[in-house]
Amino acid sequence: MTKRFFSTLCLALLATVTTIWIVACQPSTSVTDSKPTADTTAPVTSSGSGGVKDTLRLGAVLPATGDLSSIGAPMIKSIDFLVETVNQCGGVLGKPIAFFKEDDRTDPPAGAEAMTKLVKVDNVGAVVGAFASSVSTAALAIAVPNKVVMISPGSTSPVFTERAKKGEFNGYWYRTAPPDTYQALALANLAYKKGARKVATLVINNDYGVGFEKAFVEAFEKLGGTIVNKINPTRYDPKAATFEAEAKGAFGTKPDAVAAILYPDSGGAVIKAAFEQGLTKDVKILLTDGVKTEDFPKLIGNTPEGKLILAGAIGTVPGADGKSLDTFAKSFKEKTGQDLGAFVPHSYDAAALIAIAAEAAKDGTGDGIKSKIREVANAPGQEVSDVCEAIKLVKAGTDIDYQGASGNVDLDEYGDVKGSYDVWEVQPDGKITVIDRVSP
């Protein structure tokens with residue numbers, strides 16, 4: 001084993017012990033103010049607030065590999081693009097942004113290890129990430145006690161709202177994608193609109209899947225629909241060797257549709273198993289943001305007749321409708337050669353908010369960023385969508401209301417945004433087309 005392995009292991013153990021001691025000794029607090037205030041109850045670490053005052057040290061914890069890598073890789077590129085853009089127009093606090101990227105491998109322990117490295121070695125003040133809700137849960141246990149701000153562009157589990165309401169995050173947690181409380185309602189409405197009255201749920205067994213399932217079941221039943229496997233919900237382990245039982249548990253209940261809340265690699269294996277058992281005929285497949293990638297239909301494959309198994313499946317995903325979306329999409333395409341994928345605008349906006357907040361606070365620490373992030377994201381203030389212009393204005397002392405590429409990014413007291421959702425459909429050639437937009 002290498003010295004680097006032992007070094008990383010020691011850092012992870014140190015951070016874990018520190019977190020356990022803090023959780024045991026700290027009283028809980030409630031988040032009630034409409035604007036963030038100085039926090040006197042947050043745990044004190046040996047280095048004080050994460051980061052350094054005179055430089056923005058920005059981290060990213062996102063899946064370059066693992067089950068969500070097909071969606072995560074473009075998200076990372078959008079933050080690279082933001083950092084390059086800001087550094088070209090003068091940086092933050094008069095200096096270039098120092099950017100540190102870590103791969104969470106779509107794995108909670110790896111995410112905790114990555115966050116430990118960013119906090120203890122790279123001394124970041126804020127982190128964009130994680131994407132998977134289960135990874136964000138693990139990373140938050142490191143970030144919050146060390147006073148490092150986290151802004152997730154895609155962790156949508158309602159669990160984070162519930163925890164924020166209890167005061168567990170002390171204002172260090174935000175996200176630019178709306179929680180699944182809203183998306184589940186949008187998917188339930190979509191299912192009912194398409195004529196489904198008996199729906200089975202099939203979800204990955206983690207914070208994302210189970211949280212979405214709970215909200216979807218409640219919303220669909222309120223519409224008058226029935227969840228046919230409610231008593232024995234189908235939740236799959238992404239590390240399982242086979243998925244025949246899970247496929248039968250959802251598709252074998254003779255539903256009109258299956259609401260499938262999945263990750264690409266493992267979720268594709270479940271649907272393929274259902275097809276191979278002859279269970280997918282005449283069943284509408286409803287999908288969500290976790291699999292909105294053109295690699296997903298190809299992964300599941302074709303019927304013996306050569307048609308895509310997933311052709312005609314529909315899904316929802318947090319939409320992007322910000323004032324700067326068109327400009328951003330054009331610039332991103334020119335720079336990377338890629339069209340915007342799911343959560344790419346949300347990743348860009350997360351990094352932009354951190355940069356603008358640090359400049360407004362004249363402070364690159366987590367406490368500094370936390371003190372200004374809702375002020376620069378929300379009204380009142382001069383609406384501005386160009387990040388360089390926003391930094392220029394706050395540097396001059398002007399109040400702003402940043403209008404992002406993903407949306408208006410108005411952050412509530414629990415770190416959440418609201419938003420609309422795109423409805424997408426898998427075409428016969430495997431392309432994914434947005435066919436509608438719905439709002440909860």
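Two strands pair if DSSP finds at least two bridges between them. The views below come from a predicted model.

**View 1. Five strands form an open sheet.** The strand order is β2-β1-β3-β4-β5, and the pairing is parallel. Strands β2 (98-103) and β5 (173-175) stand at the edges. Each has a single partner strand, so one side of each is left without a neighbour in the sheet. Neighbouring strands are turned by 20° against each other on average, direction ignored.

**View 2. Strands β1 and β3 pair in the parallel sense.** β1 covers residues 57-62, and β3 covers residues 126-129. The two are joined over 4 bridges. L58 stands opposite A126 in β3.

**View 3. Helix α11 spans residues 325-336.** At 1.5 Å a residue, its 12 residues should span 16 Å. The end C-alpha atoms of α11 are 16 Å apart, which agrees. After α11 comes G337, whose phi is positive, near 80°.

**View 4. Helix α11 has a buried side and a face turned away from it.** L325, F328 and F332 are buried in α11. They cover an arc of only 65° around the axis, which puts them on the same side of the helix. An α-helix has 3.6 residues a turn, so residues three or four places apart point the same way. What covers the buried residues of α11 includes α2 (69-88) and α12 (344-361). The face turned away carries the exposed residues D326, T327, K330 and E334.

Definitions and conventions. Residues are numbered from 1 along each chain as its sequence is written. This is a predicted model: local features need pLDDT of at least 70, side-chain atom pairs count only at pLDDT 80 or more; totals for chains, interfaces and linings use all residues. Side-chain values use heavy atoms; hydrogens and water are left out. The expected span of a helix is 1.5 Å times one less than its number of residues. Buried means under 20% relative accessible area, exposed over 50%, partly exposed in between (1.4 Å probe, protein chains only). The arc is that of the directions from the helix axis to the C-beta atoms. Contact means heavy atoms within 4.5 Å. Axes are lines fitted to C-alpha atoms, for helices over the stretch in contact, and angles run from 0 to 180 degrees between N-to-C directions.
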